[in-house]
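Subject: Handing over a structure

Hi,

Here is the structure I promised to pass on. Have a look at it first, and then read on for what turned up.

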Amino acid sequence: MDPVLLSRIQFAITIGFHFLFPPLTIGLAWLLVIVEGLGWRKNDPDYVAAGKFFAKLLAITFAVGVATGVVMEFQFGTNWAEYSKFVGDIFGAPLAAEAVFAFFLESGFLGLYLFGRNKVSKAVHWFAILMVAVGATISAFWILVANSWMQTPAGFVVRNGRAELTSFAEAVFNPSMWYRFYHTLDACLISGAFLMAGVSAYLLLRNRENPMARKTLRIAIISGLFVSLMALYPTGHEHARQVARTQPEKFAAIEGLYQTQQGAPLVLFGLVKTDPPKLLARVEIPKLTSWMVYGDSNAEIKGLNEFPEDEIPPLWMTFVSFHNMVILGLFFIAAMMLGTFLLWRRRLWDSRWYLKLLIGAIPLPLIACEFGWVTAEVGRQPWIVYKVLRTSEAASLTVSAGEILFSTILFSFIYILLGALYLFLMVKEVKHGS
């Protein structure tokens, strides 16, 4: 057994499970800012009831998210000790900032929001959920700063075998940070919108006259359409252009461009063959990728043939995860456009098939987040810090494969229990709310 491969599998399981909860926390918190604001300013009992109901779902999601996030930081010291030694100067600042400026803000005001209703003024109570949303967003910002630095490192020099910080500003605002932050934040808002829409749809199927569910579904549909369109343009489009400029071999892998081409097509579908790299049964739009990246339909896009073989990312996983994310993104736009149309035609509450569709779609934005994360992380391979440190050089030297395998099985068992508990509590609260 390869200890590096086992460490990668364990980290993928750990962060993959944790990454289910922050998008819901951030997205739902911002929607509650709207719901609680309407309840306060309009003195509307339906919005107040909606705030109470969805606040319970937010609390459950936040608690499980925090519990699953702690494990990751331990793994930096156990399985990835060489990596921690190399980037300690760089990673310390954003992770400390995340804890001091974001997590304390988020968790402190969450307590005031959950337990302060009818005990503090409505303005203070609304301010509390606003700070929860702001804190969660700042937390995501600092985590994405750290991740973006691994993708496009800046503001450092390598001295004595370690990365030493030379410019905090350059490290924080590295070339991919803002693009990744905006696109990820938008994905979080989509996740929150589909959760609120699906839960509201369930409540309406139980009682078509439920005024609270009608109002929250309206908010979720309208906001969901807006953020779903934003995921396509500008956040997704600009993020892809940034990858083409800063990580061209990753871009070539996700687009299936194995040979350098002028007028590169946009591949809609293809079956990946790896030896030699080739796309079978491809469906493509001629010259569209060149035009989208450079605004010139005849522009040249580098293919994987331009790069050393030992610096090419895994092809199948990178290509498939990216295209599945895009397919889901287009589904989100179509689903929310249809909901907006039904709302406009006053047929939304009676369209049982559409309400059932929304219930089934609740987990899809989270699946899209996972696909996006796989695209970003696998597409960066074989580097853990792009062009600076290989993943194979970052693992701990003293932890055995057997120890990693044992802890991986243990974590997986715990996550299955946590996941089941989370679903049980969420379903129980939703049924109680109906």
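Before the rest, some ground rules. This is a predicted model, where local features need pLDDT of at least 70, side-chain atom pairs count only at pLDDT 80 or more, and totals for chains, interfaces and linings use all residues. Residues are numbered from 1 along each chain as its sequence is written, and side-chain values use heavy atoms, with hydrogens and water left out.

Confidence

pLDDT is the predictor's confidence in each residue, from 0 to 100. The chain has an average of 92, and 100% of the residues score at least 70. Confidence is lowest in helix H4 (residues 81-115), with a mean of 83, and highest in helix H12 (residues 352-360), at 97. Helices (H or I, at least four residues) and strands (E, at least two) are DSSP runs, numbered from the N terminus.

Aromatic rings

There are 20 aromatic pairs in the structure. Rings of Phe, Tyr and Trp (its six-membered ring) pair if their centres lie within 6.5 Å; planes under 30 degrees apart count as stacked, over 60 as edge-to-face and the rest as tilted. Back to Trp-178: its ring and that of Phe-181 have centres 6.0 Å apart and planes at 75 degrees, so this pair is edge-to-face. The two residues are about one helical turn apart, because they sit three residues from each other in helix H7 (residues 177-206). Phe-181 is buried, at 8% relative accessible area. Phe-331 and Phe-332 make another edge-to-face pair, 6.1 Å centre to centre with 70 degrees between the planes. Phe-331 counts as partly exposed at 27%, while Phe-332 is buried at 4%.

Trp-178 and Phe-181 also belong to one aromatic cluster, together with Phe-141, Trp-142, Phe-168, Phe-173 and Tyr-182.

The cavity

The structure has one cavity of 30 Å³ or more, and about 60 Å³ of space lies in the largest cavity. (On a 1 Å grid over the protein atoms alone, a cavity is a set of points where a 1.4 Å probe fits but cannot get out; lining residues have an atom within 4 Å of a point.) Among the residues lining the largest cavity are Phe-91, Trp-149 and Phe-168. H4, helix H5 (122-151) and helix H6 (168-172) each give two or more residues to that lining.

Most residues other than glycine have a negative phi, and most peptide bonds are trans. Asp-275 and Pro-276 are joined by a cis peptide bond, with omega about 0 degrees; Pro-276 is in the loop between strand E4 (266-274) and strand E5 (277-285). Gln-381 to Pro-382 is a cis peptide bond as well, with omega near 10 degrees.

Lys-287 has a positive phi, near 65 degrees, and belongs to the loop between E5 and helix H10 (288-294). Arg-346, not a glycine either, has a positive phi of about 60 degrees. Arg-346 lies in the loop between helix H11 (315-344) and H12 and is exposed, with a relative accessible area of 72%.

Cheers

Technical notes:
On a 1 Å grid over the protein atoms alone, a cavity is a set of points where a 1.4 Å probe fits but cannot get out, and a pocket is an open set with protein on both sides within 12 Å along at least five of seven lines; lining residues have an atom within 4 Å of a point. Grid points are joined across faces, edges and corners, and a volume is the space filled by probe spheres set on the points. Buried means under 20% relative accessible area, exposed over 50%, partly exposed in between (1.4 Å probe, protein chains only).
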